[in-house]
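Biologist: I would like to learn how to read a protein model. Could we go through some features together, one by one?

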Amino acid sequence: MNTKVLSVLEYNKIIDRLASYASSPLGKEMCMKLVPVSEYDEINQAQINTEDAFNRLIKKDGINFGSNKNVITSMKSLDIGRTLSAAELLTTANFLTNVNRVKAYGRKEKPDEADDSLTDMFEGLSPLTQIAEEITRCIISEDEIADDASPALRKIRREISSTNDKIHTQLISMLNGSYRSYLQDAVITMRDNRYCIPVKAEYKSQVPGMIHDQSSTGSTVFIEPTTVVNLNNRIRELMIEEQKEIEVILADLSAKVGVYSAEIIEDQKIMTKLDFIFAKGRLAIEMNATRPVFNDEHIINIRKARHPLLDPKKVVPIDIRLGEDFDLLIVTGPNTGGKTVSLKTVGLLTLMGQSGLHIPAGDRSRLGVFKKVYADIGDEQSIEQSLSTFSAHMKNIVAILKHADDDSLCLFDELGAGTDPTEGAALAIAILNHLHDRGIRTMATTHYSELKVYALSTSFVENACCEFDVDSLSPTYRLLIGIPGKSNAFAISKRLGLKDHIIEAAKQQIETDKESFEDLLSDLETKRVNVERDKEEIAESKKRIKELEKALEKKKNSLDDQKDQILREAREEAREILQDAKETADDMIMSLNKANQGIDVRELEKKRGGLREKIGENNSKLSIKKEAPKKKAIKPEKLKLGDDVKVLSMGLKGVVNSLPDAKGNLFVQCGIIRSKVNISDLELIEEVNPYETKKKNKGSGISGIKMSKSFSVSSEINLLGKTVDEAINELDKYLDDAYLAHLPSVRIVHGKGTGALRSAVTNHLKRIKYVDSFRQGEFGEGDAGVTIAVFKEK
């Protein structure tokens, strides 16, 4: 790839941004050396690496390669027997620690997680944890070796510390003793790594020892007292031994590292490459870039392309096609409309893609693989070389035509500009025809109308234009392929205030054919804008319809869920109410069955009241709450004994047993239950003539005929074969029905047997208040096996 095009298309700025995302010096260096390649497989592999790094960064936090400093030189020096310094060993240990972190980052989170192109790199790392730990155990910093680095070093340093303590003890005793008056200051100081005391010059003969130094004024001399000379000498000896032991320790650590020098060098290469690949991934995230699909047919189809060096919040995405239906694309339009940016976008995204970088464009954008990319963009006129703008451009074009082939992409900005328009347009058409004949993909910008006509009349050439809003005098920067652009010079001049007569005079200078062509372009542009607007409105309507459909579906699902929930709750509540009612009824039946055993009447009445309240409570739970219908009030004077009524609170039918008192309270017989209620809780039930009902319902097989009790209740009940409890329960219900049916008397057949059932019947009849009398059957009526009961008159 020629280096000039990298500068013209500002590829180096992309590389600078890429390097800023590398976290190690070696990674940054590798980024700065990145150049486009032209091998299809190599490009694809680089793109796959970038995509896998991108995906890992999205799923996990980033990884830092900062400790990836150059250790290869140190490793190679070990091969010739060199001992590494403490600093070099620490750098190696830090590097290996970072290798361990990076390897852990690359491990799979789940056993069944699929491998990617980076898996082998992560698995190829050798952390050498034991070597790193041994180095950090022995070396605290570049200038300090740990006491525990070796037993010998620990022993030497303990002796140094002990000797130092002895020296300080000796000197402190001198400072506080007889030598105090000879001293300039009562301090202990060091000279030539030996302990001394500052003595006044006039008393130096009074302090036996070696003079090592004196002050600048000569008033103070620094004397090493004789009593500590041997101790100072011992310290010097120990320090030499310490240094030798440190060298032994460093040599031992270097030997251990040297065993794994090849693995460490390989770690360095992998770490550098991973840092470089993850820098590409981070750049892709920052640019919201995607992986392009490459082809070897030189087809370019970039969707929603954005120039990576423009503000992402302001840049207008463009769609660009080249090489499939046409191999030459001519872009026209006014100045500052985005033609040059479109040209640079195609070139720069091609270079980025062939460098293994993702491109800021829509998903599944396509790029061709080109061995060379050439660009003639910008004003390169040179005063020193006596080159005009046209000459400078033509010099570049000549060089491009000389070296370009069918594996090249050529980009020309303002092709043929800078000279006579007629000659410039003719040159441009000739150059484009030459490039087409050689099968070279070309994109060019121009203002010449001749090139617009050339594109319209030539099959392998396509027009494109950068849209311009005349009303606002500003470009929209949208690239429209298939539509030639209009310069809009007259419209812009008019909007800026140029007189109409001047504009009209200018129009008269234009040939009729050219004016008609420009008018046609203007008309096409107007129609295109209207079509685009209609398409946008249709798309917006479709979007709203889909949103409404989604909302409706969501609401329907919500209602279905609510319905199911309500039904579940209702079924559960009904089940609980029925269970409660069953238990209450069972309890009441059990109490009634024990009536023969002498249950107290008041207790029975209390249970009946409790049952009535329970039934009312259950009815209120099961009923749908609605406005109660207005009932007709019953006047006390119209109420008679024996009237059929309905107790509203209990939902039961009964017969009036007593007339209401002053407060409106009265007794109502509801089957076996005699309840005290208020007249306001009653509703009269109108009697129905059975014959009239039958007549009305004659021929109907649907509704039953309502008969009075006297037509349905027998005057005799047979209790033979029943137990006492069963017989009494059945007799009690039968007596209620017979009394309500207005029968004057009934015949109870119980048999003779042991007399137990007859006795139970007799006792039960005594407790029934509406039984006037009863007697044993006479001859012909059943004798002692039958009892005749007579009801009171109503």
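Biologist: In which helix is His764 found?

Modeller: His764 is found in helix 22, residues 756-767. Helices (H or I, at least four residues) and strands (E, at least two) are DSSP runs, numbered from the N terminus. This is a predicted model: local features need pLDDT of at least 70, side-chain atom pairs count only at pLDDT 80 or more, and totals for chains, interfaces and linings use all residues. Residues are numbered from 1 along each chain as its sequence is written, and side-chain values use heavy atoms, with hydrogens and water left out.

Biologist: Is His764 buried or exposed?

Modeller: Start with the cut-offs. Buried means under 20% relative accessible area, exposed means over 50%, and partly exposed is in between (1.4 Å probe, protein chains only). His764 has a relative accessible area of 8%, so it is buried.

Biologist: Which residues does His764 touch?

Modeller: Contact means heavy atoms within 4.5 Å. Not counting residues up to four places away in sequence, His764 touches Ile728, Leu731, Asp732 and Leu735.

Biologist: How many bridges join strand 24 to strand 25?

Modeller: Five, and the two strands run antiparallel. Strand 25 covers residues 786-791. In that strand, Thr787 stands opposite Gln776.

Biologist: What is the strand order in the open sheet of five strands?

Modeller: The order is 20-19-18-17-21, with antiparallel pairing. Strand 20 (673-678) and strand 21 (682-684) stand at the edges. Each has a single partner strand, so one side of each is left without a neighbour in the sheet. The twist here averages 45 degrees from one strand to the next. Strand 17 (residues 644-647) pairs with strand 21 over three bridges.

Biologist: Now a helix by itself. What should the 17 residues of helix 14 span?

Modeller: The expected span of a helix is 1.5 Å times one less than its number of residues. Helix 14 (residues 421-437) should therefore span 24 Å. Its end C-alpha atoms are 24 Å apart, which agrees.

Biologist: Which residues of helix 14 are buried?

Modeller: Gly424, Ala425, Ala428, Ile431, Leu432 and Leu435. Look down the axis of helix 14: these buried residues fall within an arc of 130 degrees, so they line one face of the helix. The arc is that of the directions from the helix axis to the C-beta atoms. On the other side, Thr422, Glu423 and Asp437 are exposed. The cover over the buried residues includes strand 10 (328-332), helix 13 (389-403) and helix 15 (449-457).

Biologist: Which residue with a positive phi follows helix 14?

Modeller: Gly439, with a phi near 70 degrees. Most residues other than glycine have a negative phi. Asp192 is not a glycine, yet its phi is positive, about 55 degrees. Asp192 is found in the loop between strand 3 (189-191) and strand 4 (194-200). With a relative accessible area of 55%, Asp192 is exposed.

Biologist: Which side chain makes a polar contact with Ser150?

Modeller: A polar contact is a pair of N or O atoms within 3.5 Å; within protein, one must be able to donate a hydrogen and the other to accept it, and residues adjacent in sequence count only if both atoms are side-chain atoms. The side chain of Ser150 joins that of Glu245 at 2.8 Å. Ser150 lies in the loop between strand 2 (144-145) and helix 9 (151-175). Ser150 is buried, at 9% relative accessible area.

Note on methods. Pairing = 2+ DSSP bridges. Axes fitted to C-alpha atoms, helices over the stretch in contact; angles between N-to-C directions.
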